[in-house]
Amino acid sequence: MWRGYYGKEPFDLRLTFLRLLRRLPFVAAVTLLGTLVFGGGYYVKNVLLQGDRTYAATSVYHVEYAVENQQDIANVYINEVSWNTYMQSEMFLDAVEGHLERSGGDTALVSGRELAAMIRAQVLSDLRMPSTVITSDSPEKSVEIARAVEAAMTGELADSIGEIASIALVDPGSEAEEVVRDVRPGRAFALSAVLSCFFAMVLLLLKETGDDSIWLPGSVWKRYGIKCAGTIESRELAENLHYFFPGEKSQGQSREETSGKGIAVCAVQEEVDEAEVLERLKAVCPDIVDKRWFTVPSPLGEPRTARQLREAEGILLAVKAGSHAGRAFERVLEYLGQQDCQVTAAILWQADERLLRSYDFGKRAGGRQQNVERGI
C-alpha cells in the first residue's frame, strides 16, 4: 500500500523564492489596485470631499484646585476626559445657552446637540491650564459661543465642582482661525502600496505552502516515495530510464523478442495524452523505448486499466507538473496500491524547464543531481 511522506518533505525556500519571482506581475497588479482603492479613497474623502471650512476659537483658563499643598494637585486634578464629560453635561450646556441668550446671540440656529458637538476641552501640559476649543462653520459663531463657554466655565462650572476653588480666564477666544486638516495623501498612497504588496506576498506564500502542486522531479520522491526519471528534456532521462527499466535482453535476442507484457506508460491526469508521452519518449530515448512499451489511460478515467498495469513488467506514471497535481497523483497511487500494481517510476510531464534551470543554477551537477532525480 502506498504511503505519503508529507511530514518528511522539507520547506524548499529556493523553489518558493523562484515561484514568487514568477508571480511579480500579480504582486504588482495587487499593489497598484490596493494603492488606487485605499489611497484614492483617502484622497477623495479627505481632499475632494472634505466639506465646508470650519473655524475654531480657543480659550485658555487657569484652575485653582481646593488643596492645601501643591503636591496634592496630582490627586484631585481633572483630566481631559473629565473636562469633556463636564462640558457635555446638560447643566453646562444649559448654562452656555443662557449666556448666549443674555448676550443677544441667536440660539435658535444652534440646538443642544449641535452645541455639544462644537465644544471640546483639552489639557496640553500643565494640569492647571485647560483650554476649550469651539469649532463652527463661521468665525463669528465660534467667537460668540466661545464667550458663552468662558462665562459658564468661570461661573456655573467652577461653582458646581467641589475640587475646584476658582477658574480664571487667561487667554480669551476673541479670534477664530480656520481649521487646517491634517491631510497627507502622499503618505496614504505609500502606506496603501506597502500594505497591498505585503498582502499579495502573504497570499502567495499561503498558496504556495498549502497547494499540492508538483514542480520538481525531486518532489515526487520526497513527497510520495516514488522514484522519478526527470522530465522529457532532462539530460539524464535516458540513463534514468535504463536504470529503472533495464529489460531482460538475452544474448542474440532483441528487446522486442524478450518475454513479458512490456512497459506501461500510464497518465495520471485525464488531460494528459499518454500516446503523446510515449511518442516523445521514443523520440528522445529510441534505444530504450521500443515496441514493448505501450500506453494505458489514466485510472481516474478508466479504472478497468488496472489489469493491464498489473500484468506489465514496469509502470511509468506520467504526471503533469503544476498546481493541483498532487491530489490526482495521490488518488492514482492509492488506487494502484489497492490493485496490487507496483509503480516503477514516474516522469514529470510538461514541466517548466526554465524554472528547473533556474532552480538547478549554481548547483553541483553529476551524482547528486542524478540521485535526486532517480529518487535514491
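1. Ser 142 has a relative accessibility of 0% and therefore counts as buried, the cut-off for that class being under 20% relative accessible area. Please bear in mind while reading this and the other points that the model is a predicted one.

2. As for its setting, Ser 142 lies in helix H7, which runs over residues 139-160. Leaving aside residues up to four places away in sequence, Ser 142 touches Tyr 55, Ala 56 and Ala 57, together with Ile 134, Thr 135 and Ser 136, and also Ala 176.

3. Is Glu 311 buried, partly exposed or exposed? With a relative accessible area of 39%, Glu 311 is partly exposed, because that class covers what falls between the buried limit of under 20% and the exposed limit of over 50%. Glu 311 belongs to helix H12, which spans residues 306-311, and its C-alpha atom is separated by 8.5 Å from that of Cys 341, although 30 residues along the chain lie between the two positions in numbering.

4. Turning to the chain as a whole, 15 helices and 10 strands are assigned, and buried residues account for 42% of its 376 residues.

Note on methods. Residues numbered from 1 in each chain as written. Predicted model: local features only at pLDDT ≥ 70, side-chain atom pairs only at ≥ 80, totals over all residues. Heavy atoms only, no water. Helix = DSSP H or I, 4+ residues; strand = E, 2+ residues; numbered from the N terminus. Buried < 20%, exposed > 50% of the residue type's maximum accessible area, 1.4 Å probe, protein only. Contact = heavy atoms within 4.5 Å.
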